Amino acid sequence: MKTKATFEQRRRIIDFARLVTSGSDEEFAARAGGFLDLDAFARFLAGEVLLSSYDSVLALGQNFYMYLDPGSNKLGFIPWDLDSAWGDF
């Protein structure tokens, strides 16, 4: 965490982590929209695909920031460390 989080915010992150790591496919499909801004997440993933970075969340599961929007209480993603983008890995 880069900021001081409330108990509820920490609980939200933990609940999402548990859903991603332990939830069934059906449970994830049913609950993901409650945790993620799905339109923004789709744009994030489209950008990752366009950049063809083999050092990204899609390949190695790294080089992104995840943040909890205090207004919507949903998680967002920001790409990070794009020095290997455009297939330069």
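Colleague: Which residue in β2 does Y65 stand opposite?

Modeller: Y65 stands opposite I78 in β2, and F64 stands opposite P79. Before we go on, please keep in mind that this is a predicted model, in which local features need pLDDT of at least 70 and side-chain atom pairs count only at pLDDT 80 or more, while totals for chains, interfaces and linings use all residues. Residues are numbered from 1 along each chain as its sequence is written, and side-chain values use heavy atoms, with hydrogens and water left out.

Colleague: In what sense do β1 and β2 pair, and over how many bridges?

Modeller: Two strands pair if DSSP finds at least two bridges between them; here β1 (residues 64-68) and β2 (residues 75-79) pair in the antiparallel sense over five bridges. The two strands form a hairpin with six residues between them, and N73 in the turn has a positive phi of about 60°. As a general idea, the side chains in a regular strand alternate between the two faces of the sheet.

Colleague: What does the secondary structure of the protein come to?

Modeller: Helices (H or I, at least four residues) and strands (E, at least two) are DSSP runs, numbered from the N terminus. The protein has three helices and two strands, which follow the pattern α-α-α-β-β along the sequence.

Colleague: At what angle do the axes of α1 and α2 cross?

Modeller: Axes are lines fitted to C-alpha atoms, for helices over the stretch in contact, and angles run from 0 to 180 degrees between N-to-C directions. The axes of α1 (residues 7-22) and α2 (residues 25-35) come within 10 Å and cross at roughly 155°. Because angles under 35 degrees count as roughly parallel, over 145 as roughly antiparallel, 65 to 115 as roughly perpendicular and the rest as oblique, α1 is roughly antiparallel to α2. The contact (heavy atoms within 4.5 Å) includes F16 and L19 of α1 and F28 and A32 of α2.

Colleague: How many salt bridges does the structure hold?

Modeller: A salt bridge is a side-chain nitrogen of Lys or Arg within 4 Å of a carboxyl oxygen of Asp or Glu, and the structure holds two of them. In one, the side chains of R11 and D15 meet at 3.3 Å, N to O. Because R11 and D15 are four residues apart in helix α1, about one helical turn separates them.

Colleague: Where does L58 lie?

Modeller: L58 lies in the loop between α3 (38-51) and β1. Not counting residues up to four places away in sequence, L58 touches L45, E48 and V49.
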